[in-house]
Amino acid sequence: MTSTPMPAPAAGTPTANASEAPADEGLRAGPLVTPAPAPATAGSMIAIEGVSKWYGDFKVLTGCSTRVARGEVVVVCGPSGSGKSTLIKCVNALEPFQEGQITVDGTRVKDRGTNLPKLRARVGMVFQHFELFPHLSITDNLTIAQRKVLGRSGEDARKRGLDLLDRVGLSAHAKKFPGQLSGGQQQRVAIARALAMNPVVMLFDEPTSALDPEMVGEVLDVMVELARDGMTMMVVTHEMGFARKVADRVIFMDRGEIVEDATKDAFFGQPRSERAQQFLSKILAH
Amino acid sequence: MFSNFDFSVIAASLPYLFGQGMVFTLTLTALAATGGIVFGTGLAMMRLSGIPGVTQAAKLYVELMRSLPLVLVIFWFYFLVPYIGAWVTGSATPIQVGAFASALVTFTLFEAAYFAEIMRAGIQSIAKGQSAAASALGMSYWQTMRLVVLPQALRNMLPLLLTQTIVLFQDTSLVYVLSLTDFMGAASKVAQRDGRLVEMYLFAALVYFAVCFTASWLVRRLQTRVAIIR
Amino acid sequence: MNYTWNWGIFLEPSPEGVGTYADMLLSGLSWTIATALCSWVIAFGLGSVIGVLRTLPSKTANAVGTAYVELFRNVPLLVQMFLWYFVLPEVLPTEIGTAVKQLPDAPFYTAVLCLGFFTASRVAEQVRAGIQSLPRGQRLAGTALGFTVAQTYRYVLLPNAYRIILPPLTSEFLNNLKNTSVALTIGLLELTARARSMQEFSFQVFEAFTAATILYVLINLVVIAGATLLERAVAVPGGR
């Protein structure tokens, strides 16, 4: 049960967010997360080492290796079918992989002894189609995992959930149901739901691809805020504006391989591979 | 566990079970399925016709049949058919039509309600966009039906119609309540005559399972073949 | 037609000695309802488990679920009824078998078990279809939040699946109710059986069957009205 080196955040763990924050509406009310504490162990938050994955005979990932340091924001891009969504889902073991290893905050993902639910509870994930639970109110969406997975009391969970809902500017909607919100609003709730678990890292799987264009901005604003607060983030996205603004590094994938893994400036300045150049020219052309 | 059971009773009664019982079951199934599909198509068209009175009459019939247990309907027609026969022929006394004819009428009329629902759902499942597209190409109502809607609807319906026929095949065992000698009736008669209930009922279950399992498997194969890729 | 109608028959005493023919039919109705409700409890519980088994990421669980559904769907209900009633007590150890046979109301318990197991295979198919109709991301989202498989089903998948399959489950409930009439073959004195015996005693065939028909239609209407209320009560605001 205690295979993870860091204790899971206990109920009532003092964080900047849990303290009494002014109940202002809007995105700028305060930091979304506690800045990451000094590394407890040396090394990266996420270490992906030689990961390969097959669906039957079809190889979807080929020897992928990269690292995400504490507090770093890494954008993963590439054409559809390049394996980027699959790779990010391997990080919290939503997708099994056959070869290689992934270590998240010192815990090996592919290890018999690893308590996967416990690991996943500390890794926030935001999905393309939001995946709020349609039968639960916004408040219940924000609190159910805190209560059932982290064992927080209803009151603590509620306080934390509503606090985060306030930070994403949606506290007026606490009693509504997902079907009553716009796509952009749902995605902001989904981000708050993930943050409510006090994750040590946040994964975003194309968080704006399913949104109407006019709603992309509100979601990206929340993500930019989160990045500036020091959250460790791995983001699969085509939003190159977001990458330019807050990414520390950009990873370019094609046909299941990591083709390019460079700092933001190097990637946008002069991508080394021809495939990345082509991709960039296509995506920036319109 | 089965040491005091005698399974040789099965071998001895095979000609009776299949030669009489199964032939009866299959004949009843085939005839009632054919009649049910024909009458069911009529009901479905009536329901979709939009003609006031006709639509409601078909709906009432279908809903009434679907809300009654088959066993009750079997009894209803067993007693009603002789009177209907008398009325049709103008006879003064109820006409003895025989249990088979009565069962056939029952299953045809009962299953027609279920077939009609499958047809109606099949036709309605073809998206309005398809009819609109066909109309936009200048097709008439009947061209739209014949060239666009029905070919797709039939593909969707075919597996369901066949599955319903398998259900009908199983349902025919209920003619037991009229003491008819279908497959189950035959098995039950042997079982009671020889006091071999365990052996005969297990064997009957096995035969029904083999037939229905194989048939459903064939329907599933057919389904993947005729399915329209969307 | 030379049939003599006699609608007053319902108020005449039945040959059973107590009560009228109407009482006889109503007693049948109560057995029908009791059998339907008790067997539905089994069907719903067991069917949900089997349906879930067929959606788990385990080959063994899938195989068990599929085997159950195929077995109970491909044997006619009448045959299953006979297997439970005539065959099961014989293949059980002698003492248990004898005890079962001497049970008071044995046809009722047998019918409840038989219908419960039979309808479970149909409920299972609906539950499976409901779960599989949910977006794959729902399961992933539950898993990503740290829910165990059981928690994901309990808090995410099943509450949504049940809402989606409420209409087909209502049909299965009604099918189960109608199927109770098959239990007259093992001696359960449910509504159809009572209508049949009224016909045998009084020769008023059509009055007896008309009354039974009206009662069945009424139960159908009540169940449908109840299901509509339930659907409204559990409807999610802003849902489809």
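User: What should I know before reading the values?

Analyst: This is a predicted model: local features need pLDDT of at least 70, side-chain atom pairs count only at pLDDT 80 or more, and totals for chains, interfaces and linings use all residues. Residues are numbered from 1 along each chain as its sequence is written, chains are lettered from A and ligands numbered from 1 in the order in which they are written, and side-chain values use heavy atoms, with hydrogens and water left out.

User: Why is Cys90(A) called buried?

Analyst: Buried means under 20% relative accessible area, exposed over 50%, and partly exposed in between (1.4 Å probe, protein chains only). Cys90(A) has 0% relative accessibility, so Cys90(A) counts as buried.

User: What makes helix H1 of chain A mostly covered?

Analyst: Seven of its eight residues, in the run 84-91, are buried. Among them are Leu87(A), Ile88(A) and Val91(A). Helices (H or I, at least four residues) and strands (E, at least two) are DSSP runs, numbered from the N terminus. After H1(A) comes Ala93(A), with a positive phi near 60 degrees.

User: How do you know that Cys90(A) is in no disulfide?

Analyst: A disulfide is a pair of cysteine sulfur atoms within 2.5 Å. The search of the whole structure finds zero disulfides over all chains. For Cys90(A), the nearest cysteine sulfur is that of Cys64(A), 8.3 Å away. Cys38(C) is in no disulfide either; the nearest cysteine sulfur, that of Cys114(C), is 14 Å away. Cys38(C) is partly exposed, because its relative accessibility is 35%.

User: What makes Asp105(A) and Arg70(A) a salt bridge?

Analyst: A salt bridge is a side-chain nitrogen of Lys or Arg within 4 Å of a carboxyl oxygen of Asp or Glu. Here the N to O distance is 3.0 Å. Asp105(A) lies in the loop between strands S4 (99-104) and S5 (107-108) of chain A, and Arg70(A) in the loop between strands S2 (58-68) and S3 (73-77), so the pair ties together parts that are 35 residues apart in sequence. Both Asp105(A) and Arg70(A) are buried.

User: Which parts of chain C does the pair Glu16(C) and Arg194(C) tie together?

Analyst: Their side chains meet in a salt bridge at 2.9 Å, N to O. Glu16(C) lies in the segment before helix H1 (21-53) of chain C and Arg194(C) in helix H9 (residues 191-202), so the tie joins parts 178 residues apart in sequence. Glu16(C) is partly exposed, at 43% relative accessible area. Arg194(C) counts as buried, at 8%.

User: How many salt bridges are there over all chains?

Analyst: The structure holds 27. One of the pairs is Glu90(C) with Lys101(C), whose closest N and O atoms are 2.9 Å apart. That pair links helix H3 (residues 77-91) and helix H4 (residues 94-102) of chain C. There is also a network of salt bridges that includes Arg220(B), Arg54(C) and Glu70(C).

User: How do you know that chains A and B share no contact?

Analyst: Contact means heavy atoms within 4.5 Å. No contact joins chain A and chain B, and their closest C-alpha atoms lie 20 Å apart. Of the two pairs of chains in contact, B and C share the most contacts.

User: What does Thr210(C) touch?

Analyst: Not counting residues up to four places away in sequence, Thr210(C) touches Trp76(B) and Trp7(C). Thr210(C) is found in helix H10 (residues 205-234) of chain C.
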